[in-house]
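Q: Please go through the terms used for this model and set each value against its cut-off.

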Amino acid sequence: MGRHAKIILALTLLMAIAADALAAGGVVVPNISLGVKEATNPDDVVGVIQVIFILTILALAPSILIMVTSFTRTIVVLGFLRQALGTQQMPPMQVITALAIFLTFFIMAPTLDRISEQAITPYKNGTITFSQALTNAEAPLRDFMFKQTRQTDLALFLSIMKHDKPVNKEEVPTRALIPAFMISELKTAFQIGFILFIPFLIVDMVVSSVLLSMGMMMLPPVMISLPFKVMLFVLVDGWNLLVGSLVKGFVS
């Protein structure tokens with residue numbers, strides 16, 4: 001206890017000496033204060049609302065990426081591919097997600113260019129207002145989603161909303177278009193996943209039949225079929241075919 005008391009006393013003396021040195025040298029310690037002031041200018045209120053809106057968009061950016069882009073179909077198809085191959089954790093989920101994100105940016109590049117040309121650039125130049133920029137940015141995304149959305153899925157959500165039958169695309173509300181687009185993407189992704197499973201399932205069946213005929217029942221068929229499935233996927237240049245089909249499915 002005596003040793004600890006001496007250490008505490010020494011630290012106290014050092015702090016006192018440092019305080020005297022700061023006071024003698026005229027060192028100014030900054031004081032930081034945060035507060036809320038009353039807005040007297042309407043532009044200040046608009047600026048604050050815009051900042052809050054931008055922060056909200058940034059927080060919801062991952063959800064927006066999933067909802068209104070090609071990310072949903074891409075990540076689901078790549079997940080089906082890994083399950084069909086039976087490679088457990090290969091490729092890792094981080095690699096699959098990164099590939100899906102880059103493919104999404106590649107597929108969405110024309111739409112993003114239209115948004116930049118019609119909304120972001122005019123707003124930066126001051127030729128349109130913030131609300132007009134949002135409206136202009138929404139139109140390219142709606143056009144992209146309409147191309148991939150099935151009529152039956154869109155009719156489902158319009159009927160749930162009890163919305164009148166729209167005469168044209170402009171009368172379709174975005175809150176009905178987004179979920180219809182998502183379930184259409186999921187249906188397409190599951191269809192592609194079914195096609196992916198067929199050749200690998202045939203390999204599993206052939207390997208299982210050969211092992212059964214040889215009486216090797218204690219050896220797991222999956223362990224034997226895995227190298228053949230990987231070899232088959234590499235020989236047919238599977239990544240080129242799969243990624244090419246995904247991209248062309250959105251471009252066409």
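Q: Why is isoleucine 128 called buried rather than exposed?
A: The relative accessible area of isoleucine 128 is 18%. Buried means under 20%, exposed over 50% and partly exposed in between, with a 1.4 Å probe and protein chains only. Isoleucine 128 is therefore buried.

Q: What kind of model do these values come from?
A: The model is predicted, with local features needing pLDDT of at least 70 and side-chain atom pairs pLDDT 80 or more, while totals for chains, interfaces and linings use all residues. Residues are numbered from 1 along each chain as its sequence is written, and side-chain values use heavy atoms, with hydrogens and water left out.

Q: Where is isoleucine 128 placed, and which residues does isoleucine 128 touch?
A: Isoleucine 128 is in the loop between α6 (109-125) and α7. Helices are DSSP runs of H or I with at least four residues, strands are runs of E with at least two, and both are numbered from the N terminus. Not counting residues up to four places away in sequence, isoleucine 128 touches Gln118, Ala119, Pro122, Tyr123, Ala133 and Asn136, where contact means heavy atoms within 4.5 Å. From C-alpha to C-alpha, isoleucine 128 and glutamine 118 are 9.9 Å apart, at a separation of 10 residues in sequence.

Q: How many helices and strands does the protein chain have?
A: The protein chain has 11 helices and 0 strands. Of its 252 residues, 26% count as buried.

Q: How do you know which class valine 206 falls in?
A: Valine 206 has a relative accessible area of 47%, so valine 206 is partly exposed. Valine 206 sits in helix α9 (residues 174-213).

Q: What makes up the nonpolar patch on the surface?
A: The patch consists of Phe194, Ile195, Ile198, Ile202, Val206, Val210 and Met214, with about 700 Å² of accessible area together. Patch residues have over 30% relative accessible area and no salt bridge; like charges are joined within 9 Å, and nonpolar side chains (Val, Leu, Ile, Met, Phe, Trp, Tyr) within 5 Å. A salt bridge is a side-chain nitrogen of Lys or Arg within 4 Å of a carboxyl oxygen of Asp or Glu. Accessible areas come from the Shrake-Rupley method with a 1.4 Å probe, and for residues only the protein chains shown count as cover.

Q: Which residues touch the most other members of the largest nonpolar core?
A: Of its 18 residues, these are Ile107, Phe144, Met145, Phe146, Leu154, Val172 and Leu177. A nonpolar core is a set of buried Ala, Val, Leu, Ile, Met, Phe, Trp, Tyr and Cys residues joined through side-chain atoms within 4.5 Å. α9 gives the most to this core, with 5 residues.

Q: Why are the buried residues of α8 placed on the same side?
A: In α8, Asp153, Leu154, Phe157 and Leu158 are buried. They cover an arc of only 135 degrees around the axis, so they lie on the same side of α8; the arc is that of the directions from the helix axis to the C-beta atoms. An α-helix has 3.6 residues a turn, so residues three or four places apart point the same way. The face of α8 turned away from the buried side carries the exposed residues Gln151, Thr152 and Ile160.
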